[in-house]
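Subject: Structure for you to look at

Hello,

Please find the structure below. My notes on what was found in it follow.

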Amino acid sequence: MAKPIVAIVGRPNVGKSTLFNMLVGERLSIVKDTPGVTRDRIYADVNWLNYHFTLMDTGGIEPETNNQMLRHMREQAEMAIEMADVVMFVVDVKQGVVDADYKVAEMLRKAQKKIVLVVNKVDNFDKLMPDVYEFYNLGLGDPYPISSIGKLGIGDMLDEVTALFPENEDDAEDERPRIAIVGKPNAGKSSIINKLLGENRVIVSDVAGTTRDAVDTAVKWNGKEYVFIDTAGLRRKNKIKEEIERYSILRTVSAVERADVVVLVIDATEGITEQDAKIAGIAHDRGRGMIIAVNKWDAIEKDNKTVSEFSKKVRNTLSFMPYAEIMFVSALTGQRLPKLFEAIEVVIQNHSLRIATGVLNEILTEAVAMQQPPSDKGRRLKIYYMTQVSVKPPTFVIFVNDKRLMHFSYTRYLENKIREAFGFAGTPLKFIIRERKEK
Ligand SMILES: Nc1nc2c(ncn2[C@@H]2O[C@H](COP(=O)(O)OP(=O)(O)OP(=O)(O)O)[C@@H](O)[C@H]2O)c(=O)[nH]1
Ligand SMILES: Nc1nc2c(ncn2[C@@H]2O[C@H](COP(=O)(O)OP(=O)(O)OP(=O)(O)O)[C@@H](O)[C@H]2O)c(=O)[nH]1
């Protein structure tokens, strides 16, 4: 389920963005199917042979002084260590090994992270190979020479990256549901986790002692164990606004990647913002179960319209996830936090709910009878059959005579019928349209 995460770190100008764009390819410039969410190109899915992973570009800020650069690189490396399974440490053959490279290398070595040392701008292997050997001095093992522009050495480098992926995903063996608590800085993520955990905290002992797992907390509720993934505590001191945004997005991606269910915490005193939509979009794209928790509900003045008005604004801004329940909570007073736990459990169930094909097709037949499928130039859409092929999120394949006739709005109509029949509250549903020859 959870895809490995690979983070790119390195000094400014070594070619991180060029490498990122080359690996991601042109296909993916904008994610269109999440309305209202314009996607920064700082993370993307990469498919290489049979491997699928999420690539993150941690760079992008040009510090002015050497001091600033060192600080920035340290933070970059820290973030990468926390978030990624494998770190691509990119250096520049033209500049050779510089002081900052040594310092970052030392940090990465100490963290015992899986590292691939990538020497970029080796546009001519014959001529530049001698310069590549210098990078052995960093003590990170074999340097992998590449040219991001010339697309040289990429295969060998990726072979090494994928060889370092966790063997049997530790998450796969762990049956406990994983819940990521995400949201803007200061929304109250830590407060909610602490309150939810209360006395129920148990030690996450059987998970390997990597830095990433340090943010995981296991808790027992109604006799069942859950693992919470916290994204709180981003250090903000001295940071540029763009930097904070970038890190909080990447961190969210990393947490969401590992989660089954996501709780988006919104600060009621600030209202819902574009940044909230961005964060929600990540969970939606990845097909996670979803709950919207409007926190600090104690802190705002209310009358009998406040809930419906606030809900309306949330629904408008997060129009791509009408399936998510909105809850009004307070970490301070504990108001409705037990209900939040109940909601999490419901979403977990729905996220892995399977519907038998027979029942599904009864609903389909009925739905088609009630509203005729669309037609175009005299040719009408025929829907033959539907079956659920997977869970987390529930994914359905619909067999039709002609894919082009399947309008988005009709898929939406069918989705609504399925939801009317089976609920599926809190989980996105995925539909795959397949053509089958007419009989
Ligand atoms: N010759 C050569 N130049 C390259 C290669 N890869 C990147 N460059 C150049 O190096 C410069 C910096 O590339 P970027 O990708 O912007 O570097 P970056 O590391 O993302 O820089 P920041 O965004 O400042 O962190 C650009 O002028 C690129 O064209 C390469 O393989 N060979
Ligand atoms: N009134 C009120 N204040 C709250 C509530 N929940 C959190 N706060 C306050 O909001 C501030 C931020 O809370 P945190 O739990 O640290 O927020 P966070 O989302 O973990 O923040 P980061 O670590 O910056 O990502 C603190 O001052 C809390 O006391 C709430 O339900 N009501």
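A helix, as the word is used here, is a DSSP run of H or I at least four residues long, and helices are numbered from the N terminus. Please keep in mind that the model is predicted.

Start with a single residue. Glu 257 belongs to helix H8, which covers residues 241-257. Is Glu 257 buried or exposed? The cut-off for buried is under 20% relative accessible area. Glu 257 has a relative accessibility of 2%, so it counts as buried. Its side chain also has a partner: a polar contact of 3.2 Å links the side chain of Glu 257 to the side chain of Thr 54.

Next, the sheet. Strands of a sheet pair through backbone hydrogen bonds, and the pairing can be parallel or antiparallel. Here 6 strands make up an open sheet with mixed pairing, and their order is S2-S3-S1-S4-S5-S6. Which strands are at the edges? They are S2 (43-48) and S6, each of which pairs on one side only. From one strand to the next, the twist averages 30°.

What does S5 pair with?

- Strand S4 (residues 86-92) runs parallel to S5, and 7 bridges join the two. Within this pair, Ile 115 of S5 lies opposite Val 87.
- Strand S6 (residues 143-145) is also parallel to S5, with 3 bridges between them. Here Val 118 has Tyr 144 in S6 as its bridge partner.

S4 and S5 also belong to a right-handed β-α-β unit, in which the helix is H3 (residues 99-110).

In soluble globular proteins, nonpolar side chains tend to be buried together. The largest nonpolar core in this model has 67 residues, and those touching the most other members are Phe 89, Leu 138, Met 290, Leu 318 and Met 321. Which helix gives this core its largest share? It is H2 (residues 66-83), with 7 residues. Domain 1 (5-163) and domain 2 (171-351) each supply at least three residues to this core. There is also a second, separate core of 26 residues, and its members include Ile 181, Ile 193, Ala 293 and Ile 348.

Regards

How values were computed: Residues numbered from 1 in each chain as written. Chains lettered and ligands numbered in written order. Predicted model: local features only at pLDDT ≥ 70, side-chain atom pairs only at ≥ 80, totals over all residues. Heavy atoms only, no water. Core = buried A, V, L, I, M, F, W, Y, C linked by side-chain atoms within 4.5 Å. Buried < 20%, exposed > 50% of the residue type's maximum accessible area, 1.4 Å probe, protein only. Domains from an automatic or database assignment. Pairing = 2+ DSSP bridges. Right-handed = clockwise from strand over helix to strand, strands pointing away. Axes fitted to C-alpha atoms, helices over the stretch in contact; angles between N-to-C directions. Polar contact = N/O pair within 3.5 Å; in protein donor to acceptor, adjacent residues only side chain to side chain.
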